[in-house]
Each structure stands twice: as C-alpha cells, then as structure tokens.
Amino acid sequence: MAQTISSLPAGGESSSATAAPSICGALQVIGTQLSDKNGNAVLLNGISTLGLCWYPEYINKDCFSQFKKEWNLNLIRLAMYTAEPGGYCTDGDPEALKTLIKNGVSYATDLDMYVIIDWHILSDGNPNTYIEEAKAFFEEMSSEFAGNNNVLYEICNEPNGNTTWADIKSYAAEILPVIRRNDPDAVILVGTPNWSQYVDQAAADPITGYDNLMYTLHFYAATHKEPLRETLVSAVEAGLPVFVSEYGICDASGNGMLDYDQANQWMELLDRCQISRAMWNLSNRDESSAILKSSCTKISDFTEEDLNDSGKWLYERNDRFLAQ
C-alpha cells in the first residue's frame with residue numbers, strides 16, 4: 001500500500017498505488033486531496049509523453065499496457081504542444097493530433113488507466129495567446145469524453161515569461177465553463193506561473209466557483225531543490241490541491257546529470273503528502289529525461305537494456321513503491 005501521512009485531508013486512508021478507474025471511479029478533489037468516488041485518497045503515478053507531434057509512435061496499446069502491468073503505472077499524460085514546430089496552433093496537423101489524443105484515451109480506458117489531456121503551452125508562454133483554439137479544443141475533447149471516468153484535463157502546461165497569475169486566472173475563466181458545460185465533474189489541472197512553480201500565488205488567490213480543480217507544480221530535481229519543496233508544502237498547508245503533472249530527475253533543461261538524492265527527497269515528500277505525479281518523458285530523444293536510450297527503436301516491449309538511466313530509476317522506484 002502507498003504510504004499515508006499522519007493526517008490526510010478529509011478523504012481517509014490512501015488507496016493502492018495502482019488505483020484504477022474500475023475500482024476508484026471518477027476522481028474528485030476533497031480539500032487538498034485527490035480522491036476516489038467514495039472519498040478515499042488516491043495517488044496517481046504515471047508517465048508523460050513528449051510532444052505527440054514528434055513521437056506519435058508511442059501512442060500504442062502495447063506500450064501503455066507494459067507501463068501498467070510491468071511498471072505499475074496507472075496514469076498516462078498526453079502532451080500536445082501548441083506552439084512548437086508541429087504544434088497544434090502553428091504548423092501542425094490539428095486533426096492528426098486530436099486523433100492521437102483520442103487513440104491514447106481509448107487505449108488508457110481499455111487498460112483501466114487514468115489519462116491527462118494536456119494542452120502543452122511552452123514557447124507561447126501566455127495561455128491567452130491561443131485562447132480561441134484552446135476553447136474549441138476543450139469543447140471537442142470534453143464533449144467526446146464526458147462519459148469517461150478516467151480523463152483529467154490540463155488546460156495550460158507551463159505558463160512562463162511575463163505571464164502572471166492574473167493572466168492565468170483570466171484564461172481559466174474562459175476555459176473552465178467550456179469544459180464544465182459538457183463534463184461537470186472531471187478533475188481539471190491549472191498551470192501556475194514561472195513554468196508551473198509559483199503555486200504559492202495560486203494558494204493566495206485560488207480560482208473560485210468550481211469544484212474538482214487542482215494546480216500544477218513542475219520540478220526537475222537537479223535544478224529545483226528545497227526552496228521549491230518548501231513552496232509546495234506551504235501551498236498545501238494553505239489548502240491548495242496540488243498535482244505534479246510533470247517532473248524529471250535531471251535539470252530543468254530536460255538534460256544534464258541526474259540528481260538521485262534530490263529526486264528521492266522529492267519522492268519522499270510527494271508520497272508523504274499523497275501528491276500525484278507524472279514523470280517526463282516517454283521517448284528515445286537524446287536527452288537524460290527520456291526514459292529510453294536514443295538507440296532504442298522499439299515502441300513497446302522494452303527491456304532493461306533499452307532504458308536510459310531515468311527509465312531505470314522510474315522502473316526500480318515503482319517496485320519499491322508498491323512494497324511500502
């Protein structure tokens with residue numbers, strides 16, 4: 001069983017690390033805690049794709065199945081870039097990208113896994129840059145998956161640059177009603193300023209009028225250390241529901257050396273506070289955050305020899321995690 005903290009928010013004991021939609025049903029947010037249909041705390045532990053436009057081949061059922069059965073993961077995050085080369089709002093193929101997302105959700109659903117549909121802003125910085133495209137996208141996705149009990153919506157990956165919390169709240173005020181018209185209860189993840197690090201700003205001025213909202217914090221262990229962990233703890237203590245929808249054990253570039261000590265400190269905190277998380281990234285890109293070696297050409301049935309050091313860490317940690 002997953003480790004529990006001494007005083008969980010109103011939600012009771014934590015469910016298994018392998019919490020599944022068939023058991024837990026549609027998720028809800030109670031206090032600061034992600035919870036199942038009965039109010040029991042739930043911990044999601046998963047992997048995020050890299051850009052769907054660049055690595056579409058990993059959106060396949062055999063790949064997802066291996067993560068569930070052999071890696072003990074219960075969450076897939078589908079990262080759809082908006083403004084990068086091949087992005088949804090720039091020179092990409094929106095219909096092909098939406099098909100990838102729909103296929104990914106279908107595979108996760110068949111495998112009894114949870115799945116995040118991620119509107120992955122990055123170089124666009126401010127989510128308001130492509131707000132009309134976002135509204136149309138989430139209108140279609142929330143209509144398509146309103147009957148699913150396993151879909152979470154992440155409405156802005158990493159607001160950055162000069163984007164303020166007020167900018168993000170303004171954006172959310174336009175996007176949340178679109179989703180809620182079709183899917184009144186699904187969990188929605190809201191990004192925070194400075195590449196989803198300033199959760200303290202969200203805690204000081206949270207979005208009101210909506211249930212089942214969580215706020216994202218992203219970290220890369222070799223860059224983000226105790227000060228950001230303190231920010232996270234303070235935000236949760238202030239009542240903010242936090243979801244770590246992206247993290248790595250390298251530096252913030254997605255590359256560089258791995259910091260196992262800091263990574264383990266992060267995991268101890270997330271386990272203690274029952275905070276769900278998804279590791280970056282599922283690809284064979286030549287960088288240290290990729291879980292696969294650049295020489296690996298497989299799209300499923302991965303062996304230890306196929307794994308980068310980040311992949312080995314995630315696989316080995318989940319064996320320990322389930323033993324707790």
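Me: With a salt bridge defined as a side-chain nitrogen of Lys or Arg within 4 Å of a carboxyl oxygen of Asp or Glu, how many salt bridges does the structure hold?
Reply: This is a predicted model, in which local features need pLDDT of at least 70, side-chain atom pairs count only at pLDDT 80 or more, and totals for chains, interfaces and linings use all residues. Residues are numbered from 1 along each chain as its sequence is written, and side-chain values use heavy atoms, with hydrogens and water left out. The number of salt bridges in the structure is 15.

Me: How many residues apart in sequence are the parts tied together by Arg77 and Glu246?
Reply: The side chains of Arg77 and Glu246 form a salt bridge, with N to O at 3.0 Å. Strands (E, at least two residues) and helices (H or I, at least four) are DSSP runs, numbered from the N terminus. Arg77 belongs to strand S4 (residues 75–81) and Glu246 to strand S9 (residues 242–248), so the parts that this pair ties together are separated in sequence by 169 residues.

Me: Is Lys98 buried or exposed?
Reply: Lys98 and Glu95 meet through their side chains in a salt bridge of 3.1 Å, N to O. Buried means under 20% relative accessible area, exposed over 50%, and partly exposed in between (1.4 Å probe, protein chains only). With a relative accessibility of 7%, Lys98 is buried.
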